[in-house]
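Happy to look at this one together. Let's go through what the labels mean and where they come from.

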Amino acid sequence: MATKAQRISFMPVLMPNEHLLSAVCRGIKLGTVNHWRDFLNDPKSDGSEFCSGHVLRPLYASVCSQYHGTTQDVILRNHSLWHYFRSFIPGDHREIPSRENWSTIYNHKQNLHPLKLVRYRQTKQWRWCLECAQQDYDTYGFSYWHVEHQLPGISHCQHHPESQLRGACNSCGSQVTDIREKSVRLFPENRCPVCHTPFDNYESTPNHPIIDWVTEISRQLQSGSELDVQLLRKDLFEALGIDPKTKTAAGIKRTSIARKMIRDELPLDVINWFFQTEERGSFKAGDNISPLDLKLLYDTSSFVHPLSWLIISWIILSKNRTLDSYLIQ
Ligand SMILES: [Zn+2]
Ligand SMILES: [Zn+2]
């Protein structure tokens, strides 16, 4: 008897820069498949919400196998955020690991799961560029979710520098966190699916060089560059005069000075652009900012979100050197 997964006849062609999960949703809409669980031989193996930030989840492997003539490798490099995240996952990830090893990475102490990343804004939020949506609609008759718009911390579309990415409704605050639940017709309606307000006014982006820099680096990572995180860690702690492996009274003092320095470096609107508290509230001056806690970087075996790495590095190292030298092309 054919298994469920073998019964799927074809998947919609992946559009340029389309996120794999976007294609799954289109497949469901087109009637190629009734339910995303139909992709999985063992539906219990993956029941997570459709978040753009998932890395190497079982569903990806099953969906990739539906595409004949394109390898899983090519699909995941171009249609997921694998490239963006890989430098920060402990271990060597120049190549996409074989499927048997995914569970250790995907569940990496569960830290890499988007549900655990609530304090990083935009990690659970699907975003889009109105210009791209319009172009897609004009060219193909539909719009879809682009991978490059999902990079956390970026503010503008690469192809339309004037176009600020949309992510949440300014009227009711609704954001798209799970595209299998609520499909958004980005075009032609371009209205909030909850309160039906047009998505035409949106939150302005703070004007600060770190936002442009994070955008630039994130794009380079996504397009295949790697960040030498080990060297970055070494230089960071050297610059601070801290040895993360040994605890001395002087080291503890230096750590607390450094933590305060990191916390006080960025204006509040920039902090709120990158991070949020659990209740979507705003940080107040003097609050601890857990994604910027230097202690996160002590343990070489755990995953720390790229935004923590990038922002802490920028604050500590960028005054004396150019951080682009940590990128491996
Ligand atoms: Zn665009
Ligand atoms: Zn709304």
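Q: In what order do the elements of the protein run from the N terminus on?
A: The order is α-α-α-α-α-α-α-β-α-α-α-α-β, which comes to 11 helices and two strands. Helices (H or I, at least four residues) and strands (E, at least two) are DSSP runs, numbered from the N terminus. This is a predicted model, where local features need pLDDT of at least 70, side-chain atom pairs count only at pLDDT 80 or more, and totals for chains, interfaces and linings use all residues. Residues are numbered from 1 along each chain as its sequence is written, while chains are lettered from A and ligands numbered from 1 in the order in which they are written.

Q: Why are α7 and α11 called oblique to each other?
A: Helix α7 (residues 209-222) and helix α11 (residues 306-317) pack at about 130 degrees, their axes 11 Å apart. Angles run from 0 to 180 degrees between N-to-C directions, with axes fitted to C-alpha atoms over the stretch in contact. Under 35 degrees counts as roughly parallel, over 145 as roughly antiparallel, 65 to 115 as roughly perpendicular and the rest as oblique. The pair is therefore oblique.

Q: Which residues of α7 and α11 meet?
A: Ile210, Trp213, Val214 and Ile217 in α7 meet Leu310, Ile311 and Trp314 in α11; contact takes C-beta atoms, placed from the backbone, within 7 Å.

Q: Which residues of α1 are buried?
A: In helix α1 (residues 20-30) they are Leu20, Leu21, Ser22, Ala23, Val24, Arg26 and Gly27. Buried asks for 20 or more other C-beta atoms within 10 Å of a residue's own (exposed: 12 or fewer; partly exposed: in between), with C-beta atoms placed from the backbone. These residues pack against α2 (58-64) and α3 (72-79).

Terms used: Two residues are in contact if their C-beta atoms, placed from the backbone, lie within 7 Å.
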